[in-house]
Amino acid sequence: MIEVSTDWYLTLAAILFSIGFIGMMIRKNALIMFMCIELMLNSVNLTFITASRHFGTIEGQISVFFVLVVAAAEVVVGLAIIVSIFKKQSSASVDWLRASRG
Amino acid sequence: MLDIVLFAVPAGLVILGALIVIFAKNPVHNAMGLVLTLASLAIIYITLNATFVAMVQMLVYAGAVMTLFLFVIMMIGVDKPEQTREEIKGQTFLVSGALLILGGIVSYVVIKSGLKWDLWFPAVDYTLEGTPDLIAGSLFTEWILPFEIISILLIVATAAAIALAYDTKPRKKL
């Protein structure tokens with residue numbers, strides 16, 4: 001009888017993180033890159049909840065709440081930045097950004 | 001058997017949604033792939049006995065954050081083709097190198113332990129149900145200071161978003 005163990009969830013989290021990382025590297029649209037950051041944050045959340053079940057403590061699920069709030073704040077600020085960039089150059093591609101070059 | 005099905009089907013949907021996120025060309029499709037991933041993750045959270053977190057995941061991520069994403073996609077338009085020319089020299093090469101390292105580490109761990117990751121601490125044998133009751137009891141006593149700091153962070157983020165997106169230039173009269 002095979003049992004769904006902690007390892008399976010950790011493997012899924014590793015795969016999800018890797019996919020998010022790949023997307024972050026190969027896409028040039030700032031919006032898609034934000035979605036990939038969300039993927040990576042969610043894989044970390046999955047790890048937290050898996051650890052919460054593994055150790056039988058509630059702290060893992062509380063950490064997920066903090067990650068959730070930080071992710072929401074990050075999305076709000078990041079999308080505002082994307083909108084203001086788009087107003088300037090009418091494209092959301094990160095490679096055309098020269099504004100922050102020193 | 002039911003356990004395995006309840007893990008495998010949402011896990012497959014998670015990976016499918018993630019692949020849609022990184023490979024679809026239309027930004028709306030990417031956003032829908034992200035919704036698929038987040039909703040399937042909520043199912044996985046339920047199988048991990050984190051029911052309240054699963055509900056919050058559905059409300060905050062699949063509800064609020066995705067709506068925000070779709071609003072921005074609506075504002076900046078979806079009809080512009082993505083730039084494909086490489087601005088950074090050797091970007092693909094560097095990404096493949098990073099992927100090789102990442103894949104090497106994962107396959108090393110898997111081969112060495114045969115998918116039994118050597119967790120140093122044994123699992124407990126009782127099941128912990130992540131009810132609102134239990135979470136609030138810990139969040140509002142032990143973790144009250146981070147909780148209050150988070151509220152400051154949210155206010156700062158809201159003010160920053162308004163300051164960034166606010167149009168200071170005078171508009172032409174129509």
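Two residues are taken to be in contact if their C-beta atoms, placed from the backbone, lie within 7 Å. The model is predicted: local features need pLDDT of at least 70, side-chain atom pairs count only at pLDDT 80 or more, and totals for chains, interfaces and linings use all residues. Residues are numbered from 1 along each chain as its sequence is written, and chains are lettered from A and ligands numbered from 1 in the order in which they are written.

Among contacts in chain B between residues at least 6 apart in sequence, 51% join residues at least 24 apart. Chain B has six helices and zero strands. Helices (H or I, at least four residues) and strands (E, at least two) are DSSP runs, numbered from the N terminus. Along the sequence, the pattern of chain B reads α-α-α-α-α-α. Of the 174 residues in chain B, 20% are buried. A residue counts as buried if 20 or more other C-beta atoms lie within 10 Å of its own, with C-beta atoms placed from the backbone.

Chain B is divided into domain 1 (1-79) and domain 2 (132-167). These bounds come from an automatic or database domain assignment. The C-alpha centres of domain 1 of chain B and domain 2 of chain B lie 23 Å apart.

The contact between the chains takes 60 residues from chain A and 64 residues from chain B. On the side of chain B that touches chain A, at least two residues come from each of H1 (2-23), H2 (27-47), H3 (51-76), H4 (91-113), H5 (132-139) and H6 (144-165) of chain B. By class, that side has 52 nonpolar, seven polar and five charged residues. Ala, Val, Leu, Ile, Met, Phe, Trp, Tyr, Cys and Pro count as nonpolar, Asp, Glu, Lys and Arg as charged, and the others, Gly among them, as polar.

A nonpolar core is a set of buried Ala, Val, Leu, Ile, Met, Phe, Trp, Tyr and Cys residues joined through C-beta atoms within 7 Å. The largest such core has 59 residues, of which Leu16(A), Met35(A), Leu46(A), Ile49(A) and Tyr45(B) touch the most other members. H2(A) gives the most to this core, with twelve residues. Domain 1 (1-79) and domain 2 (132-167) of chain B both give residues to this core, so the core lies between them. Beyond its neighbours within four places in sequence, Met35(A) is in contact with Val21(B), Asn30(B) and Leu34(B).

Buried residues in H1(A) include Leu12(A), Leu16(A) and Phe17(A).

Conventions. Buried ≥ 20, exposed ≤ 12 C-beta atoms within 10 Å, placed from the backbone.
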